[in-house]
Amino acid sequence: MAKVLYGIDRFVDEKPSIWSGKRIALVTNQTGITSDFRSTIDVLNEMEGITLHKLFACEHGVRGDVQAGVHVEDFIDEKTGLPVFSLYGPSKKVSTELLEDVDAIFFDIQDVGVRFYTYLATVKYIMEACQQTRTAFVVMDRPNPIAPLTSGNILESEFVSFVGPYSLPVCLGLTIGEYARLIQKELYPEVELLVYEVKNWDRSMWGDQWQQQWIPPSPNIPHFSTTLYYPVTCFIEGTNLSEGRGTTKPFEWIGAPWFKPEEMIKHFADKNIDGVELIPAYFTPNMSKHADELCKGVQLLITDRHSLQVSKAAYEFLHSIFSVHEEAEWLEPFKEGMHPFADLLWGTEKVRMAIDSRVPYEVAADSWDKGLDDWQKRIDSILLYD
């Protein structure tokens, strides 16, 4: 199999002269590397004809050293001396003033193909600012590690948030470059967008079929396999259970001090979910929910990713949790007037209400397939890869 080349590899090979003398801002993190593991920051900073002017940091920081939800501060990058401006502080939008002295924003970050992973919101906010300032937006594309999966309900407009930036399904099946093309088409058509495409990749490939090494895009996505668990169990973040943050198995270990593993496993097994099994697990998180407490719980095992129905597994998993445990609760909204976090993750209040009423999956998800059919029609013209 030919080696997969990333967008930054194509850029380096082509050495496009159109950027000669242009002032470039770069949005990146530790996943912004070439296929031979050179940092995109260093490559562009040393590239003849390219003037790297400033850096922007998303959630988790420009070097990946910040935990989820922790604000990123402005600072000076020690290696290059470049100023780094935060896109994950009190404001998560790009200040138009910061674009006054740049000609283009380059973006090179590994995404995971899931609606509530916050890099999608950052791309949307950047493109909004680019349209306002007539700044070019350039995406160094990367494969979607779970590209074969397209699943879930389409987010409802009143639930737009930083963990649900647009009307997308839970697993969107797009690369970050294709997603940018969709945002351009449907929201910001005046943005000058250029995508440097991936080479030797197609959307039937999983992340362990093209990654020479997995570089964690955030501290709690340590392995490629985590990207399979994440869209199933991230909804636990909206409950009073631990989703495994602060352990060696984030999004695989789920539990709480009061959890009933055996009852949970039996209840879930009766649902006959293809490609998923549960086994007992015991763990003590060192941070986040139930920190330093022994949690009883389960480990989610994905036994067949090809037959995995992500959103069905997610719904039935929560359905079993709330059916078995009277202690299980949804977290209250973070601020007055906000939706509960579970609703922001699902992009609707209907799922939470359905689980509370113990509605069967087939009833709760009755319209989801139609939404996915419409989604395929929406993205047909923006796809870059077979």
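Is Pro222 buried, partly exposed or exposed, and what is its relative accessible area? Pro222 is partly exposed, with a relative accessible area of 23%. Here, buried means under 20% relative accessible area, exposed means over 50%, and partly exposed is in between, using a 1.4 Å probe and protein chains only.

Before going on, a word on the model. This is a predicted model, in which local features need pLDDT of at least 70 and side-chain atom pairs count only at pLDDT 80 or more, while totals for chains, interfaces and linings use all residues. Residues are numbered from 1 along each chain as its sequence is written, and side-chain values use heavy atoms, with hydrogens and water left out.

**Around Pro222 and helix 5**

Pro222 sits in the loop between strand 7 and helix 5. Helices (H or I, at least four residues) and strands (E, at least two) are DSSP runs, numbered from the N terminus. Leaving aside neighbours within four places in sequence, Pro222 is in contact with Trp214, Pro216 and Pro250, where contact means heavy atoms within 4.5 Å. Lys79 is 143 residues apart from Pro222 along the chain, and their C-alpha atoms are separated by 25 Å.

Now for helix 5 itself. It is mostly covered, with eight of its eight residues buried. Strand 8, strand 10 and helix 7 (310–324) are among the elements that cover them. One of the residues in helix 5 is Thr226, which is buried with a relative accessible area of 0%. Not counting residues up to four places away in sequence, Thr226 touches Asn220, Ile221, Pro250, Phe251 and Glu252.

Helix 5 (residues 226–233) packs on a sheet, touching strand 8 and strand 10, and its direction makes about 120° with that of strand 10. Axes are lines fitted to C-alpha atoms, for helices over the stretch in contact, and angles run from 0 to 180 degrees between N-to-C directions. This sheet is open, has three strands in the order 8-10-9, and its pairing is antiparallel. Strand 8 (253–256) and strand 9 (276–283) each have a single partner strand, so one side of each is left without a neighbour in the sheet. From one strand to the next, the twist averages 25°.

Two strands pair if DSSP finds at least two bridges between them. Strand 8 is joined to strand 10 (residues 295–302) by four bridges, and Ala256 stands opposite Lys296 in strand 10. Strand 9 and strand 10 pair over eight bridges, in the antiparallel sense. Six of the eight residues of strand 10 are buried, so this strand is largely enclosed by the rest of the structure.

Strand 5 and strand 6 run parallel and are joined by four bridges. Strand 6 and strand 7 also pair in the parallel sense, over four bridges.

Strand 6 has five of its five residues buried, so it is largely enclosed by the rest of the structure. Ala136, Val138 and Met140 point one way from strand 6, and Phe137 and Val139 the other way.

| Residue | Bridge partner | Strand of the partner |
|---|---|---|
| Trp253 | Gln299 | strand 10 |
| Leu278 | Leu300 | strand 10 |
| Phe106 | Val138 | strand 6 |
| Val138 | Leu194 | strand 7 |

**Helix 1**

Helix 1 (residues 7–14) has Gly7, Ile8, Asp9, Phe11 and Val12 as its buried residues. What covers them includes helix 2 (40–46), strand 5 (104–108), strand 6 (136–140) and strand 7 (193–196).

**The largest pocket**

Last, the open space. The largest pocket has a volume of about 890 Å³. Of the 35 residues that line it, the closest to its centre are Tyr88, Phe162, Val163, Phe334 and Phe341. A pocket, on a 1 Å grid over the protein atoms alone, is an open set of points where a 1.4 Å probe fits, with protein on both sides within 12 Å along at least five of seven lines, and lining residues have an atom within 4 Å of a point. The volume is the space filled by probe spheres set on the points, which are joined across faces, edges and corners.
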